[in-house]
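Here are my notes on this one, written as numbered points. Keep the structure open beside you and find each residue as you read.

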Amino acid sequence: MQLKDVKISRKKPIFPVSENLHKYLRTYQRDARLPIQYEDLKAFTESFPIMDKDGKDTLWESPIYAQGQIEELHNGLKIIYAKLKASGNLRIVEHKYIDRIDYCTFGNTHPFRIRIVNRLNDVYDYFYVKKADASRIYGLELEEILSPNQVNYLVDGNTMIEEHIVGLPGDVFNSGKLYQDDFNPTRIAKEFVKFNERCLVTLLGDMRSYNFVVQITPDFDDIQFRIRAIDFDQQFYEGNIRVYMPQFFKENYPLVKLCMEHLTEKTVQQYKQEELSSLVHRVRSERHRLTDLRDVSCKEELTTKENIQKLKESMAKYYRDDAYRRCRNMTDIIELNLKNIIRQVKL
């Protein structure tokens with residue numbers, strides 16, 4: 001694998017959720033009537049920074065609300081959690097309370113992170129309240145349809161609720177866990193190759209180490225690993241093909257180095273083929289939902305004409321396929337990716 005750091009746009013706009021996308025969300029039960037909106041949480045009077053155990057700024061803040069707001073916000077957030085986790089069954093929050101609301105000014109959607117705790121046993125969970133962004137929604141949907149992972153989220157107007165994705169942050173894993181004695185480096189490298197391939201096919205960008213987590217699962221004879229994206233803001237926006245290839249981010253160099261040390265070109269191609277075969281199975285089993293998503297997204301303006309032109313030229317060169325030059329939008333590029341994979345797997 002090659003390593004060459006890439007730059008991405010820092011001013012990507014938030015794209016509004018169109019009525020057609022809202023219809024799609026209703027069809028697939030992603031919409032909900034929420035008692036608390038994103039703007040309600042923005043109505044805090046002041047905040048103070050949250051530091052980690054080493055005194056370093058985490059980029060999260062703790063907002064301070066007027067006393068009269070707190071009960072209403074907490075009750076509304078518990079209802080939202082019940083909708084997210086149990087289709088609105090309030091019995092699951094009878095013994096839960098909102099322990100903390102954190103706010104992040106970093107990133108496009110400026111999320112609120114909600115910590116909810118079970119007072120009977122102190123077990124806690126997190127969920128997020130964000131500005132609804134059409135790019136992010138398409139990223140989540142493609143993750144649900146085409147990856148081995150499930151995602152859980154709800155949308156109400158300009159407000160988006162997301163379930164917390166459990167895992168060790170990629171930057172933490174890369175710096176302190178990568179070479180742990182009981183971890184099989186080949187398994188980790190294999191997962192990174194598959195993750196890299198999946199991101200390119202689905203045009204999921206900016207998968208630097210702090211935008212994904214590593215899930216570590218002990219098995220009966222070894223430890224399994226899975227890399228999962230947690231940030232979908234850069235879904236098919238950029239025109240630089242390398243933005244969609246995690247191998248080119250300097251933050252991921254430890255994983256790239258691991259692949260170079262433990263994999264051969266033959267095994268890399270084998271793992272890529274395994275992932276592509278899995279993608280074909282997912283496309284076939286979810287073809288109706290994928291078609292509905294395509295029909296909605298191809299009508300929307302989710303990037304610039306310049307980015308589309310630049311990316312389709314890069315894809316044509318990368319895959320040596322002039323058909324990419326006839327693509328009209330990012331959706332066409334993903335569709336052509338999938339068609340080519342299906343043809344390849346049939347051969």
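1. Let's start with Leu-203. Setting aside neighbours within four places in sequence, Leu-203 is in contact with Gln-234, Gln-235, Phe-236, Tyr-244, Leu-311, Met-315, Met-330, Ile-333 and Ile-334. Contact here means heavy atoms within 4.5 Å.

2. Before going on, a word on what you are looking at. This is a predicted model, in which local features need pLDDT of at least 70 and side-chain atom pairs count only at pLDDT 80 or more, while totals for chains, interfaces and linings use all residues. Residues are numbered from 1 along each chain as its sequence is written, and side-chain values use heavy atoms, with hydrogens and water left out.

3. Now the cores. A nonpolar core is a set of buried Ala, Val, Leu, Ile, Met, Phe, Trp, Tyr and Cys residues joined through side-chain atoms within 4.5 Å. Buried means under 20% relative accessible area, exposed means over 50%, and partly exposed is in between (1.4 Å probe, protein chains only). The largest nonpolar core has 76 residues, and Leu-21 and Leu-203 have the most contacts inside it. Helix 6 gives the most to this core, with 8 residues. A second, separate core has 24 residues, including Leu-41, Tyr-65, Ile-80 and Ile-116.

4. Helix and strand numbers will keep coming up. They are DSSP runs numbered from the N terminus: helices are H or I with at least four residues, strands are E with at least two. Two strands pair if DSSP finds at least two bridges between them.

5. Which strands make up the open sheet of 7 strands? Its order is 1-2-3-4-5-7-6, with antiparallel pairing. Strand 1 (46-51) and strand 6 (153-156) are the edge strands, each pairing on one side only. From one strand to the next, the twist averages 30 degrees. Angles run from 0 to 180 degrees between N-to-C directions, and axes are lines fitted to C-alpha atoms, for helices over the stretch in contact.

6. Look at one end of that sheet. Strand 1 and strand 2 pair in the antiparallel sense over 5 bridges, and Phe-48 stands opposite Ser-62 in strand 2. The two strands form a hairpin with 5 residues between them, and Gly-55 in the turn has a positive phi of about 80 degrees.

7. You can check both partners I looked up: Trp-60 is bridged to Cys-104 in strand 3, and Glu-61 to Tyr-103 in strand 3. Helix 3 (residues 67-86) packs on this sheet, touching strand 3, strand 4 (112-118), strand 5 (124-131), strand 6 and strand 7 (159-163). The direction of helix 3 makes about 95 degrees with that of strand 3.

8. There is also an open sheet of 3 strands, in the order 8-9-10 with antiparallel pairing. Its edge strands are strand 8 (168-169) and strand 10 (223-229), each pairing on one side only. Strand 9 (residues 212-218) pairs with strand 10 in the antiparallel sense over 7 bridges, and Pro-218 has Ile-223 in strand 10 as its bridge partner. Helix 6 (residues 185-202) packs on the sheet and touches strand 9 and strand 10, with its direction at about 25 degrees to that of strand 10.

9. Stay with helix 6, where you find Pro-185. Is Pro-185 buried or partly exposed? It counts as partly exposed because its relative accessibility is 23%. Beyond its neighbours within four places in sequence, Pro-185 is in contact with Leu-258 and His-262. Pro-185 and Leu-258 are 73 residues apart along the chain, yet their C-alpha atoms are separated by 6.9 Å.

10. Compare Leu-338, in helix 11 (residues 330-346). Leu-338 counts as buried because its relative accessibility is 9%. Not counting residues up to four places away in sequence, Leu-338 touches Leu-146, Val-201, Val-283 and Leu-290. Last, a helix pair. Helix 1 (residues 19-27) and helix 4 (residues 134-146) pack at an angle of about 35 degrees, with their axes 12 Å apart. Leu-21, Tyr-24 and Leu-25 in helix 1 meet Ala-134, Ile-137, Tyr-138, Glu-141 and Ile-145 in helix 4.
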